[in-house]
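Hi,

Here is the structure I promised to pass on. Have a look at it first, and then read on for what I found.

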Amino acid sequence: MFISNMEIIPQQKINKHLGLVQGSTVRAKHVGKDILAGFKNILGGELVAYTELMTEAREEATERMVQQAESIGANAVLNVRFATSSVAQGAAELFVYGTAVVLESQSNT
Amino acid sequence: MWDLLIILVLLTLGYGFGSYREKKHYQSIYEREAELKDIMVFESRFCPQPQQHLGGELVHGNVVISTDYFKMLVAGLRKLVGGRLKTYESLFDRGRREAILRMKLSAQELGFDQIFNVRFETSSISKGARNNIGSVEVYVYGSAVKASE
């Protein structure tokens with residue numbers, strides 16, 4: 001599945017628009033990691049555990065979007081946008097949406 | 001008495017580790033920015049010449065970065081009189097530059113040399129004491145292309 005956040009893909013032609021597809025996931029973090037992160041809050045610096053958590057969660061949301069796109073017969077998702085909202089203390093919703101299309105490579109003359 | 005002592009210890013720890021790590025982080029940011037300067041990042045929505053490019057795959061980078069206790073307290077005091085919160089400015093600056101570097105690195109690994117339509121997403125992950133900003137997440141994404149020969 002081809003994913004991009006551009007509307008026009010170089011040397012590719014959009015054959016068919018199939019409409020909006022979306023995927024989302026709500027994640028909370030592990031208690032132990034949370035305590036460690038609280039400690040890190042005193043010292044400052046990168047919170048690696050959270051960075052990984054957010055990456056994983058975004059991958060999952062993207063995976064859901066891709067499944068939806070596949071089920072309606074698309075081979076690419078264009079103009080993808082991400083959104084993040086915090087649901088409660090320690091939990092976040094990650095949302096990804098885009099336009100499902102059928103792409104066809106344009107032969108160069 | 002004990003409370004005051006604990007706060008003092010936290011302040012010293014925060015100031016010591018925080019400023020040391022910030023200095024080291026900036027150093028590594030400068031180094032990696034020099035290494036990756038060949039990868040161009042654009043904010044425009046389209047490639048200027050689509051016929052001369054290939055690819056367009058999504059690349060992204062993210063980082064969760066936290067402020068330290070000392071900076072949080074300074075910002076808390078500063079909020080009484082208003083004005084620039086200098087200690088938070090460096091936090092966002094570090095986060096954004098780190099995220100861009102990670103995006104550039106993943107584009108380089110995939111063999112692309114330009115990134116278009118770059119968008120930023122910033123969210124606060126956890127609130128510190130007295131509802132100050134504790135840590136923020138910066139997410140940056142874009143479409144990577146390369147020149148076709």
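How many bridges pair S4(A) with strand S5 (residues 91–105) of chain A, and in which sense? There are 10 of them, and the pairing is antiparallel. One pair to look up is Leu78(A), whose bridge partner in S5(A) is Thr99(A). Before going further, please keep in mind that this is a predicted model.

Chain A

Let me start with the overall layout. Chain A has two helices and five strands, and from the N terminus on they follow the order β-β-α-β-α-β-β. Of its 109 residues, 35% count as buried. If you take the contacts in chain A with a separation of 6 or more, 78% of them are between residues 24 or more positions apart.

Four of the strands make an open sheet, in the order S1-S4-S5-S2, with mixed pairing. S1 and strand S2 (12–28) of chain A are at the edges with a single partner strand each, so each has one side without a neighbour in the sheet.

- Strand S1 (residues 2–3) of chain A runs parallel to S4(A), and two bridges join them. Ile3(A) has Val77(A) as its bridge partner in S4(A).
- S2(A) and S5(A) run antiparallel and are joined by 15 bridges. Here His17(A) has Val101(A) of S5(A) as its bridge partner.

Helix H2(A) lies across S2, S4 and S5 of chain A, and its direction is at about 135° to S2(A).

Where the chains meet

Next, the interface. Contacts link 25 residues of chain A with 40 residues of chain B. On the chain A side, the elements giving two or more residues are helix H1 (31–43), strand S3 (45–46), helix H2 (48–71) and strand S4 (76–88). By type, the residues on that side are 12 nonpolar, 10 polar and three charged.

There is strand pairing between the chains too: S3(A) runs antiparallel to strand S2 (residues 53–66) of chain B, with two bridges joining them. Gly45(A) has Ser66(B) as its bridge partner in S2(B).

Chain B: two helices

At 1.5 Å a residue, its 24 residues should span 34 Å, and its end C-alpha atoms are 35 Å apart, which agrees. Several residues of H3(B) are buried, among them Leu91(B), Gly95(B), Ala99(B), Ile100(B) and Ala107(B). Just after the helix, Gly111(B) has a positive phi of about 85°.

How does H1(B) cross H3(B), and at roughly what angle? The two axes come within 11 Å and cross at roughly 35°, and the crossing is left-handed. H1(B) contributes Glu22(B), His25(B), Ile29(B), Arg32(B) and Glu33(B) to the contact, while H3(B) contributes Ser90(B), Arg94(B), Arg97(B), Glu98(B) and Leu101(B). These residues divide into two nonpolar, two polar and six charged.

Met103(B) sits in helix H3 of chain B. Is it buried or exposed? Met103(B) is buried, because 24 other C-beta atoms lie within 10 Å and the cut-off for buried is 20 or more. Leaving out neighbours within four places in sequence, Met103(B) is in contact with Val59(B), His60(B), Gly61(B), Ile115(B), Val140(B) and Gly142(B). Val118(B) is 15 residues away from Met103(B) in sequence, and their C-alpha atoms are 10.0 Å apart.

Leu36(B) is in the loop between helix H1 (2–35) and strand S1 (40–41) of chain B. With 16 C-beta neighbours inside 10 Å, Leu36(B) counts as partly exposed. Again setting aside neighbours within four places in sequence, Leu36(B) is in contact with Leu101(B), Lys104(B), Leu105(B) and Gln108(B).

Technical notes:
Residues are numbered from 1 along each chain as its sequence is written. Chains are lettered from A and ligands numbered from 1 in the order in which they are written. This is a predicted model: local features need pLDDT of at least 70, side-chain atom pairs count only at pLDDT 80 or more; totals for chains, interfaces and linings use all residues. Two residues are in contact if their C-beta atoms, placed from the backbone, lie within 7 Å. Ala, Val, Leu, Ile, Met, Phe, Trp, Tyr, Cys and Pro count as nonpolar, Asp, Glu, Lys and Arg as charged, and the others, Gly among them, as polar. Two strands pair if DSSP finds at least two bridges between them. A residue is buried if 20 or more other C-beta atoms lie within 10 Å of its own, exposed if 12 or fewer, and partly exposed in between; C-beta atoms are placed from the backbone. Axes are lines fitted to C-alpha atoms, for helices over the stretch in contact, and angles run from 0 to 180 degrees between N-to-C directions. The expected span of a helix is 1.5 Å times one less than its number of residues. A crossing is left-handed if the near helix is turned anticlockwise from the far one by less than a right angle, and right-handed if clockwise.
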